[in-house]
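Me: Could we go through some local features of this structure together? Please keep the answers brief.

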Amino acid sequence: MKKLPPDPSRRTLFKAIGALGATGATSGLLSACNRSPGLDRASLTFTEVPHGLDASHHLPEGYRADVLLRWGDPIEAGAGVFDPEGLTAAEQQQRFGYNNDFIAFMPLAEDAGPGDGDRHCRSDSSKRGLLCVNHEYTQPHLMFPGYNDEYSATRGVSAEHVAIEQAACGHAIVEIEKTPAGWQAVLDSPYNRRITLGTEMDIVGPAAGDPRLQTAADPSGTRVFGTVGNCAGGKTPWGTVLIAEEGFGGAFQGDPDAIADPVEARNHHAFGIAPDNRNWGDHDPRFDIGVEPHEPNRFGWMVEFDPYDPESRPRKLTTLGRFEHEGFTLACKPGQPVVAYGGDDDEGQFVYRFVSAEAYRPGNHRANRNLLTAGTLFAGQFNADGSGRWLPLIFGEGPLTPENGFRNQADVLVDVRRAASLLGATPMDRPEDVETNPVNDCTYVMLTKNKRRGADDTNAANPRPRNAAGHVLEIVPPGRDGERDHTSDIFRWHTFLLGGNPNAEDPNERGAYGQQVTGAISPHGWFANPDNVAFDHAGNMWVATDGCEDFGFHDGLWAMATEGELRAAPKHFFGCPQGAEVCGPEFTPDGTTLFIAVQHPADGGRSSFDNPMHRWPDNDPALPPRPSVLAISRKDGGVVGS
């Protein structure tokens, strides 16, 4: 690719990160993803929200935020009023789950019903749809009375509370409609359902049926009950939803060193399984590795399901590898293989890409629904000169051989972290959301932080030791805007921004953004710890954060242009209540509604069910703080952000 000359408008950013001395970081601002000069932040005209930290959420003037769904809200008619102290597992199955994360809005066609996914896929309705929401994890000390702190609420939870927790995890599919009074759930919808740890699922792909996935309850290794640790996800143009299994290791207890098989002992250590994890295994033996050492291998995958068919069974896609998935998002072009990007959300882990074996055929949903079951998974290598390469994770190639402990492709996919490391993939600073901008066709990687990185362990793509504030990378496949070849094994990469305060004294903590010296960024425009990302129709980037409270202000949502004069110059759009983070930003097709998930409000310190930090969003003394989905819109009905 032709190297572009430096853009004078970004020289201030070079100054801010010059002290880092990382070639890849400084060259990163010579973006090869430039579009027309008019594509800038002109559409982001909202009045900026100031940094702050209190028990409320905050929006720009002229906007409203409606609480659409909260933990415990009924998703089935007849479920009744939420009573947190009278909650049972059976009741929780009929209610919205805990700690909402990823959101997918799936439009509903007016003339189609359940099972008619083809017609629903052609709909661009922004007034009726299915809201598909992950429920990542539970916090008993905030859900139930009697637990003083987070530790006591993981080691001594009763069987009844464990059953409620398991019913509160997973995913929710809820029909919603836009009414004159705002968005509302349709409680008698035939689409509404919960996916929990009791939901039967198929295991498909190269690892399905492998001995390492076989258990006493499932000797076939092809059926599993449930999903857990569901963080981010993705959507497909053939009408299915992808949900990630991230922090699954914390659901299992036991001593890996007591496992007879050293391969599985190493495997369990890698995902944080330990004797002092939460005590689910005391009441549900499959979560005790001493009882069933292979059960954890059936988690850590991406799960695909059809929200338009309530009778369909989800499936775990072993083609996409087993690790702490933040999510996988797709780049689909007619007649070409599908490309999916994802990150492994842990310090020193990797960015991944999947390329399907078959081509995407628009409109042929039956054929497209097998695209993610066969193909090649790659791990990213980010070189110091700004070049990059995708390294194929294929059994028998390079070090992925029996001599290094791999029996077959199933082993490569079950132990994909070790495989990627052996290939020479670049260890990253907690790669979380990885998404492709539909306007400039470049892919962006949210790198949340890595406080474990030492001064002698930095690399060009991760230039800061003890990276407390995180950063964002831009991946540029070969080609031009709209015509980039995501299937190519080579790419260019750039540092889009460095999180943190641009006025920090320590250069290793100093944030770097577009045009900061000329005043394009206000004192409230900087942020830290980028986590989730979404793009609007103009190609603007919307970044949700997880960790700004360490810097003295709330987490929230920031918007910025990806090109033009105001590239990488954030504006602060939304602020969370204390203790919470924003997850899963999702726009309706017409851009007039932005859904966000506010997760773990009032978490921190000695906050508990009995003595919470605050009681957002209800502010009712009879109710605890409740994770909630908000529907944000302009009061005049216009496009959000404009």
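Me: What follows α12, and is its phi positive or negative?
Reply: Glycine 424 follows α12, and its phi is positive, near 100 degrees. Helices (H or I, at least four residues) and strands (E, at least two) are DSSP runs, numbered from the N terminus. This is a predicted model, in which local features need pLDDT of at least 70, side-chain atom pairs count only at pLDDT 80 or more, and totals for chains, interfaces and linings use all residues. Residues are numbered from 1 along each chain as its sequence is written, and side-chain values use heavy atoms, leaving out hydrogens and water.

Me: Which residues of α12 are buried?
Reply: In α12 (residues 416–423), they are Val416, Arg417, Ala419 and Ala420. They lie on the same side of α12, because their arc around the axis is only 165 degrees (taken from the directions from the helix axis to the C-beta atoms). Buried means under 20% relative accessible area, with a 1.4 Å probe and protein chains only.

Me: And what do they pack against?
Reply: Their partners include α8 (262–270), β14 (337–344) and α11 (409–414), where contact means heavy atoms within 4.5 Å.

Me: Switching to α7: how many of its residues are buried?
Reply: In α7 (residues 159–168), 7 of the 10 residues are buried, among them His161, Glu165 and Gln166. Glycine 170 follows α7 with a positive phi, near 100 degrees.

Me: Why is β27 largely enclosed?
Reply: β27 (residues 571–575) is largely enclosed by the rest of the structure because 5 of its 5 residues are buried. It runs antiparallel to β26 (residues 556–560), joined by 4 bridges.

Terms used: Buried < 20%, exposed > 50% of the residue type's maximum accessible area, 1.4 Å probe, protein only. Pairing = 2+ DSSP bridges.
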